[in-house]
Amino acid sequence: MALSTVLFGLMAVCIRLASKQLHPFEIAFFRNFFGFVILLPILIRHGPALLRTDKLGFYIGRCSIGMVSMLAGFWAIVNLPLAQAIALSYSTPLFVTIAAVLVLGEVVRARRWTAVIVGFLGVMLIVQPFGQSFTAASLVAVLAAVDRASAAISITEHPDAIVIWTTMLWIPMSLVPALMVWETPVGITWLWIVLAGSLGSIAHMFWTRALRLGDASMLTPISFLQIIVVGAFGWWLFGETLDRWTVAGAAIIFGSNVYIARREAKLARQAVTDPEINPETPAPR
C-alpha cells in the first residue's frame, strides 16, 4: 500500500508536468495507453485465460463512470494545487455512504452519519465555497470524488485481471475526449506521459494486492501518504505551498475516513478493487 501510494503521487506529478503542453483529457488517454503497454508482459505470462469473465457488463458500467471520474480528477490535478486536488479526492468514501442509502437502501447508523458530516466539514474547509479563494476547479475535484463513489462496484476476480480489463476498456473511452483537444506530444512530454501510464498501472497492481492481503482499516491511513508526496513535489517543482485550510480539511477528512474504514472492518470484509476510482463497497451499518 505504501508503494502504491507513493507511485500514485508520482503519477500526479507527471500529469502536472505533461500539462505544460497537453490537455488533461489527452494525458488521460496516454496514461491508459501506456498503462496497458506496461501490463502486456503480465497478460502474455498468464495467457488469454486471465481475461475470461462473466462480469463484462459490470466492467463496462464501472469503467464508464470511472472514466468521468478520471477526466475530472486529471483536470483538477492540472488546475488546482496538487495537495488540494488529492485531499479532495479522499472524500469519496463520504459519497459512498450517501449512495448506499439512496441507491441501495442500506441502513446507516448515527456513528457513521456523524463521521460523514465531520468529513464534509473538512471538504468545506478545503473548497471554501464562500471564500475569496474559491475556484470552480475545486468543484471539479469534488465531482471526481462523487463519480468514484458511483463506480464503487466490487469485482472479485484476479487482481491482474481487474487492472488489465479496467485499463483496456479505458483506452477507447478516453480516446474520444482526447481527440477533441489533440496535440501531438513533443520532447520531454513523451517521458512524462509514459511515466504517468507506467506508474499508474504498477501502483494499481500494488493497490489490488494490498487490499487482498490486508484489512482496509489498517491500510486506509497509509494511503494518505500521497498528500505528503504530492505536497512535497508541488513545493519543489511548482512553488506551491500548503495553506492552513487544506491541511486542516485534509486532517479532518483523514480522521473521518479512518473511522469509516475501521467501522467497515468490524461489520464486514469488503473487496476494494480500484484506487483510481477509489471505491469503498458499502455494507450494512
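1. Let me start with S223, which is buried, at a relative accessible area of 5%; buried means under 20% relative accessible area, exposed over 50%, and partly exposed in between, using a 1.4 Å probe and protein chains only. S223 sits in helix α10. Leaving out residues up to four places away in sequence, S223 touches M1, T5, Y90 and W207, where a contact means heavy atoms within 4.5 Å.

2. A word on what you are looking at. This is a predicted model, in which local features need pLDDT of at least 70, side-chain atom pairs count only at pLDDT 80 or more, and totals for chains, interfaces and linings use all residues. Residues are numbered from 1 along each chain as its sequence is written, and side-chain values use heavy atoms, with hydrogens and water left out.

3. On confidence: pLDDT is the predictor's confidence in each residue, from 0 to 100. The chain has a mean pLDDT of 85, with 88% of its residues at 70 or more.

4. Now the overall make-up. The chain has 12 helices and 0 strands, where helices (H or I, at least four residues) and strands (E, at least two) are DSSP runs numbered from the N terminus. Of the 285 residues, 56% are buried. Among contacts between residues at least 6 apart in sequence, 88% join residues at least 24 apart. The accessible surface comes to about 12500 Å², and 71% of that belongs to carbon and sulfur atoms; areas come from the Shrake-Rupley method with a 1.4 Å probe, and for residues only the protein chains shown count as cover.

5. One helix pair is worth a look. Two packed helices are described by the angle between their axes and the distance between the axes. The axes of α8 (residues 159-180) and α9 (residues 189-213) come within 9 Å and cross at roughly 145 degrees. Here the axes are lines fitted to C-alpha atoms over the stretch in contact, and angles run from 0 to 180 degrees between N-to-C directions. The crossing of α8 and α9 is right-handed, the near helix being turned clockwise from the far one by less than a right angle. From α8 the contact uses P159, D160, V163, T166 and T167, and from α9 it uses S201, H204, M205, T208, R209 and R212. These contact residues divide into 3 nonpolar, 5 polar and 3 charged; Ala, Val, Leu, Ile, Met, Phe, Trp, Tyr, Cys and Pro count as nonpolar, Asp, Glu, Lys and Arg as charged, and the others, Gly among them, as polar.

6. V140 lies in helix α7 (residues 136-150) and counts as partly exposed because its relative accessibility is 21%. Not counting residues up to four places away in sequence, V140 touches A72 and W75. V140 and L71 are 69 residues apart in sequence, with their C-alpha atoms 9.6 Å apart in space.

7. Finally, two loop residues. K20, in the loop between α1 and α2 (24-46), counts as exposed at 70% relative accessibility. K20 and T189 are 169 residues apart along the chain, yet their C-alpha atoms are separated by 8.2 Å. V107 is in the loop between α5 (92-102) and α6 (110-127) and counts as partly exposed at 46% relative accessibility.
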